[in-house]
Amino acid sequence: MTSELVTGISELTTNDPERGGLLGRLTDAAIVVEAGTVAWVGRAADAPAADRRTDLGGRAVLPGWVDSHTHLVFAGDRSEEFEYRMAGHAYQAGGIRTTVRATTEASDERLRTELALRRAVARRSGTTWMEIKTGYGLSVADETRLARLAAEVTSDVTFLGAHVVPPDVDADDYVALVAGEMLDAVRPYCTWIDVFCERGAFDADQSRVVLEAGRAAGLGLRVHGNQLGEGDGVQLAVELDAASVDHCNHLSARDIEALGSSSTVATLLPACDLSTREPFPPARALLDAGATIALASNGNPGTSNTTSMAFCVATAVLQMGLTVEEAIWAATAGGAAALRRSDSIGAIIPGYRAHLHAIDAPSVSHFAYRPGMDLTYRVWG
């Protein structure tokens, strides 16, 4: 079994609470990796011997990004819709149906190839773990197909049959299909179930039916909520102990209090907020209330056509009022918490997966200090 000593680390972000501070940062650090696992972490002067040595020459290292919200199995282009929004028109959830048409018409091979390319681009920029949702099929056969393709590249596949109601279909009939035959078909490929609890999509009662059916089938719960206005998504997510409620742009004081006293992670999607021109979530109020937050890309063709977690981090710092440390934590350990994988990813701790991200900079502060720059030097994991 070959071991690798990674040294020459100017600043190491461990996210290990035992090392002090939010990020558990070390200077002049080293890591030993063995069989894809972190075997040792500490000061370079104390490093044990290893079979080979990699000297990073004074670069910073952090955990790989954990992108806990994406929609990457799709075909088609919605740049015209984007341009329409940028001309001042409001985002409407119905734009999803455009992607559904293009995706259902695409072959498996095309979808597989395009998904692999998107996943590769994300990894090259430091994303070592990614959740992927279905939701662009909206039929039993197509949702199953998307789940199967997503499962080829990630262990965190989310069933989002309840994305929107297909045209000319009764909403309650469609909910029954999602919670019944469709759920049974996708279940072998999925870890999670999600619902778009929002005006123009599914109301609270319909969302509850979907989530409770998913829970009964053994899936973890996720919710799209409070994106376009105050609604029931956050309260429903907290009540049902969902792992995450995502978007959270429009929160009441009651919503913030509920998230602050729960284990449900508030996943914030700043790239999407820029594209839809929705107000940014109240990140500072959430943190002050004791809530756990994550940052994710929401990579999708309509409202956030990016997988750049570095862009999300820079936006969170420069536009949402997070500190650099808070944003880095939210994009790594926060994402792991949103996927309930805090025991294995999102941190550089002995026994965790060796998902490492070395950057051409001496500190993680450069993600916000030099926004938009490609800082990734090397990725492990």
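**Entry 1: the sheet**

I began with the open sheet, where 6 strands line up in the order E3-E2-E1-E4-E13-E14 with mixed pairing. I took strands (E, at least two residues) and helices (H or I, at least four residues) as DSSP runs, numbered from the N terminus. Two strands pair if DSSP finds at least two bridges between them. The model is predicted, so local features need pLDDT of at least 70 and side-chain atom pairs pLDDT 80 or more, while totals for chains, interfaces and linings use all residues. Residues are numbered from 1 along each chain as its sequence is written, and side-chain values use heavy atoms, without hydrogens and water.

Which strands sit at the edges? I found E3 (37-43) and E14 (376-380), each pairing on one side only. Neighbouring strands of this sheet are turned by 40° against each other on average, direction ignored. For that angle, axes are lines fitted to C-alpha atoms, for helices over the stretch in contact, and angles run from 0 to 180 degrees between N-to-C directions.

I then looked up E1, residues 3-12. 9 of its 10 residues are buried, so E1 is largely enclosed by the rest of the structure. Buried means under 20% relative accessible area, exposed over 50%, and partly exposed in between (1.4 Å probe, protein chains only).

E1 runs antiparallel to E2 (residues 26-34), and 7 bridges join them. In this pairing I see Val6 opposite Ile31. With E4 (residues 52-63), E1 pairs in the parallel sense over 6 bridges. There Leu12 stands opposite Val61. I followed E4 on to E13 (residues 356-359): they run antiparallel, joined by 4 bridges. Pro63 stands opposite Leu356 in E13.

**Entry 2: aromatic pairs**

How many aromatic pairs does the whole structure hold? My search gave 3. Rings of Phe, Tyr and Trp (its six-membered ring) pair if their centres lie within 6.5 Å; planes under 30 degrees apart count as stacked, over 60 as edge-to-face and the rest as tilted.

One of them is Trp65 with Phe367, edge-to-face, at 5.0 Å centre to centre and 65° between the planes. Trp65 lies in E5 (residues 65-67) and Phe367 in H14 (residues 366-369), so the pair ties together parts that are 302 residues apart in sequence. Trp65 and Phe367 are both buried.

I also noted Phe74 and Tyr136, whose centres are 6.5 Å apart with planes at 80°, so this pair is edge-to-face. Phe74 is in the loop between E5 and H1 (79-86), and Tyr136 in the loop between E6 (127-133) and H4 (140-150), so parts 62 residues apart in sequence are tied together. Phe74 and Tyr136 are buried.

**Entry 3: charges over rings**

What sits over the ring of Phe74? I found the charged end of Arg118, 3.5 Å from the ring centre. The test is NZ of Lys or CZ of Arg within 6 Å of the ring centre and within 35 degrees of the ring normal. Arg222 lies over the face of Trp192, at 4.5 Å from the ring centre.

**Entry 4: H5 against H6**

H5 (residues 171-186) and H6 (residues 204-216) pack at about 5°, with axes 10 Å apart. They are therefore roughly parallel to each other. Angles under 35 degrees count as roughly parallel, over 145 as roughly antiparallel, 65 to 115 as roughly perpendicular and the rest as oblique. I listed the residues that meet, including Val175 and Leu183 in H5 and Val209 and Ala213 in H6. Contact means heavy atoms within 4.5 Å.

**Entry 5: Ala147**

Ala147 is buried, with a relative accessible area of 0%. Leaving aside neighbours within four places in sequence, Ala147 is in contact with Thr134, Val157, Val186, Tyr189 and Cys190.
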